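These are my notebook entries on a single chain. I looked up ring contacts, charge patches and backbone angles in turn.

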Amino acid sequence: MRIARGMLLASYILLLLAGLLALAPWSCRAQSAPASTAAPVSTAPPAQPANSQAYSLPPDKLAKAITLSRIRDILDIAGSLWGLAVLWLLLATRAAAGLAAWAERLLRRRWMQGLLFFAAFLLINSLAGLPLDLIGHLVSRHYGISVQGWGSWLGDLAKAMGLLLLFGAPVLLLFNWIVRVSPRRFWLWAWMIALPLMLIGTFASPLIDRIYNKFEPLTQSYPALVARLETVVARTGTKIPPQRMFLMKASAKTTGLNAYVTGIGATKRIVVWDTTAGRIPDDEVLFIFGHESGHYVLNHIPKGMAITAVSTFFVFWICAAFAGWLARRFGMRWRLGGVEVGQHALASRQGFIVLLLVLSIVGLVGQPAGNAISRHFEHEADIYGQEAIHGLVADPQKTAVSAFNHLGEAWLEDPDPSPLIEFWEYDHPSVQSRANFALHYDPWANGGHGRFFAK
Ligand SMILES: [Zn+2]
């Protein structure tokens, strides 16, 4: 799932720790990429495709979408590689060792030195990524996808940094401490702690959203839509009452469309962006909601957790071994310390950066695997969504195809992405393949029924 920049920063820590957080489908948004058009999206059905493809764009938007997706791909790849380069540079230039020595000179208590070190590290790391963030926002504004002013954008950035320091530094300190007290089995303890942390992150996600955006009850402006969403709730058994349905004031920042289910347990809710409600037909919002409900009904959250648990067990184990080798090979050159006082070189503060570097490398290499699993869940949710609105809208096929066209047009999605990019980067199937599937999915023909509903 690609999520908003601010959230991305906030979840950076868990990403580092879990490596494969990309497996987690619960923060799924209906749409995969941050982008959209300057003009409000019309509620008229999209133009009939000239070819056999179910998702198509008018020529001017097509040209923009192709250029934009190239820029996005380059930014994604550059961002990943730059992230690795920054960690490696911190070690190779001995800046990390210098930072640790500086914290030791400045403060007396060990845990305070650690907090200062990790706060400074997170700050440096975020600032290093700032130029790419800036370019991303510039591009997004140029294509009319973002309408957020620079003041507001910087404000969001400051909030994200604040959250990162507040939660990130103590979490890194905790894991650093675990390495120190258990140099042999630290990866196992880290693995046990990372999972509940991810669960807490999922639970807190809707609360963190409130720091960035304003929400109001959906019934306030769209009572008719709420009544219709309740029919989907009844059919799917998701037990989301109207009080748990919110309108997010996204229009202050973006022209993109979105609706999703987020949170778990007491924080579980449906969020519809104000760029979506009233802008596309209610039938299509119902379909998007059906898709999102699918993630819950089909247990994608516990399944994602289970897959993440199993894979991170091996990832942490491999990372510990790989980082141990790096520490032995480069420990002196990077001034990791620790060894002369009889400690594991990874247990020092700068040594911990080696672990983060290795986790990032393994996370990047594992990204296609995580994305393949995510795309599988998304496809299942698409099927579920289309079946969920059967009987509630006049034509589920047409509704789904039209919704994909509206989403694709709003976010300027490339109708014909490179298969390699799709394989490596996409956590949702391409809009084209989703629309094509929806166009031909009709299990009710000849008296049949779908996979998930008896009728
Ligand atoms: Zn989804």
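Entry 1. I began with Trp-325, which is partly exposed because its relative accessibility is 43%, a value between the 20% and 50% cut-offs. The model I consulted is a predicted one.

Entry 2. I then looked up the ring partner of Trp-325. Phe-322 and Trp-325 form a stacked aromatic pair, with 6.5 Å centre to centre and 25 degrees between the planes. The label "stacked" applies because the planes are under 30 degrees apart. Phe-322 and Trp-325 are three residues apart in helix α11, so about one helical turn separates them. I also noted that Phe-322 is partly exposed, with a relative accessible area of 29%.

Entry 3. I next searched the whole structure for aromatic pairs and recorded 17 of them. One of these is Phe-287 with Phe-404, an edge-to-face pair at 5.4 Å centre to centre and 85 degrees between the planes. This pair links distant parts of the chain: Phe-287 belongs to helix α10 (residues 282-297) and Phe-404 to helix α13 (residues 396-410), 117 residues apart. Are Phe-287 and Phe-404 buried or exposed? Phe-287 counts as buried because its relative accessibility is 2%, and Phe-404 counts as buried because its value is 1%.

Entry 4. I asked which residues form one aromatic cluster. The members are Trp-187, Trp-191, Phe-313, Phe-314 and Trp-317.

Entry 5. I turned to charge on the surface. A patch of positive charge gathers Arg-94, Arg-329, Arg-333 and Arg-335 there. Arg-329 is located in helix α11 (residues 300-330) and is partly exposed, at 48% relative accessible area. Arg-335, by contrast with a helical position, sits in the loop between α11 and α12 (349-388).

Entry 6. Finally I checked the backbone for positive phi angles. Arg-335, a member of the positive patch, has a positive phi of about 50 degrees although it is not a glycine. Asn-299, likewise not a glycine, has a positive phi of about 60 degrees. I located Asn-299 in the loop between α10 and α11. Its relative accessible area is 41%, so Asn-299 is partly exposed.

Methods:
Residues are numbered from 1 along each chain as its sequence is written. This is a predicted model: local features need pLDDT of at least 70, side-chain atom pairs count only at pLDDT 80 or more; totals for chains, interfaces and linings use all residues. Side-chain values use heavy atoms; hydrogens and water are left out. Patches are made of residues with over 30% relative accessible area and no salt bridge: like charges are joined within 9 Å, nonpolar side chains (Val, Leu, Ile, Met, Phe, Trp, Tyr) within 5 Å. Accessible areas come from the Shrake-Rupley method with a 1.4 Å probe; for residues, only the protein chains shown count as cover. A salt bridge is a side-chain nitrogen of Lys or Arg within 4 Å of a carboxyl oxygen of Asp or Glu. Lys and Arg count as positive and Asp and Glu as negative; His and the chain ends are not counted. The place of a charge is taken as NZ of Lys, CZ of Arg, CG of Asp or CD of Glu. Helices (H or I, at least four residues) and strands (E, at least two) are DSSP runs, numbered from the N terminus. Buried means under 20% relative accessible area, exposed over 50%, partly exposed in between (1.4 Å probe, protein chains only). Rings of Phe, Tyr and Trp (its six-membered ring) pair if their centres lie within 6.5 Å; planes under 30 degrees apart count as stacked, over 60 as edge-to-face and the rest as tilted.
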